[in-house]
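These are my notes from going through a single chain, entry by entry. I wrote down what I looked up and what I found.

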Amino acid sequence: RVAITAGLKETCSPVWNTTLILDAVELCGYPEDIASNPPFIVVDIFDEDVLNHDKLGRVVCKPETFTSGKYTCTKLKWYEIGGVKKSKGDLLAAFELFKLGDGGMELPLMPPFEDRKYLVPPEISPKKKLMRVEVLTWGVRRMKDYKMLPVESPHIDIEIGGEKISVDKIISYKNHPNFVSPYEFFDVWLPEAIEYLPPINIRVMDNRAFGYTPLIAVATIKEYARYRTTFNATAAEALSKQANLLKEIMGEQVDPDKEPSIAPSEADKGAILDLFDGGSISLNIEVDLGSEVAIPIDG
């Protein structure tokens, strides 16, 4: 039996918010044996293109089984998406198996139905709140050639929770590898619980002739908890001063093959993030969780 979600366009952090129901599936064996050793569930993730569907990876897991008694909500878990050579990301999901018929338990209420799909039940879905993501970008260094051509005019796309922002492109990487606009921010609805926060995906694109913008490097920030800190007016003022400082020094000539220098006092606020496929980028990302708590992500 197979069920399929809808396709989501142009995102590295898709949020389907969908409950897939496979009804009346027949399984061979005694109920107690199935409960102790349930069958595997296989989830295949595809990239849907105009001509074909490229398989990105697969998740193999076992569901939580319910045979009798009172139903308790299953918690969402992160499952690694396995690829041919390496991990292709993580899937946040929950899987449940119910016994039907004689001696079976009473099923929970059907989840809400909206936009021709069943949503994730409210008691399982992560509670969300509006958060602000602030980004201080410095520049890129040591970028490798892409398809035998040097990087000319890169820009970066930063995405979290299905929302993304683009940092202004560098006019000439060879002559001046720093970003023109060092400070950007955007608001996005994110889970309150730290363990459910989606990763921050960073993509470096090169702006070439005839509107060609190939993807030349990527990076992902997954860990949030260890960057948790108190956010107050003093921290906000310090962030503003750091943004102004970056604006002042953006006009300085720098060597694109050397690392950007970060003062010791700023080491806990920003750092150099190595990019897959070559190169590095220096930036500071801060997620404001409200009036009391913020998460600075150095990457």
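Why does K222 count as partly exposed? I found its relative accessibility to be 47%, and partly exposed is the class between buried (under 20% relative accessible area) and exposed (over 50%), with a 1.4 Å probe and protein chains only.

Before going on, I noted that this is a predicted model, in which local features need pLDDT of at least 70 and side-chain atom pairs count only at pLDDT 80 or more, while totals for chains, interfaces and linings use all residues. Residues are numbered from 1 along each chain as its sequence is written, and side-chain values use heavy atoms, with hydrogens and water left out.

**Confidence.** I looked up pLDDT, the predictor's confidence in each residue from 0 to 100: the chain averages 76, and 74% of the residues score at least 70. Over residues 259-273 the pLDDT is below 50, although this stretch has 39 contacts beyond near neighbours in sequence, a contact being heavy atoms within 4.5 Å.

**Overall make-up.** I recorded two helices and 18 strands, taken as DSSP runs numbered from the N terminus (helices H or I, at least four residues; strands E, at least two). Of the 299 residues, 35% count as buried.

**Salt bridges.** I searched the whole structure for salt bridges (a side-chain nitrogen of Lys or Arg within 4 Å of a carboxyl oxygen of Asp or Glu) and found five.

**Strands 1 and 2.** I then followed strand 1 (residues 41-48) and strand 2 (residues 53-61), which pair in the antiparallel sense over eight bridges; two strands pair if DSSP finds at least two bridges between them. A hairpin through four residues joins strand 1 to strand 2, and I45 stands opposite G57. D44 in strand 1 and R58 in strand 2 form a salt bridge of 2.6 Å, N to O. D44 counts as partly exposed at 31% relative accessibility, and R58 does so at 39%. Salt bridges with shared partners join D44, K55 and R58 into one network.
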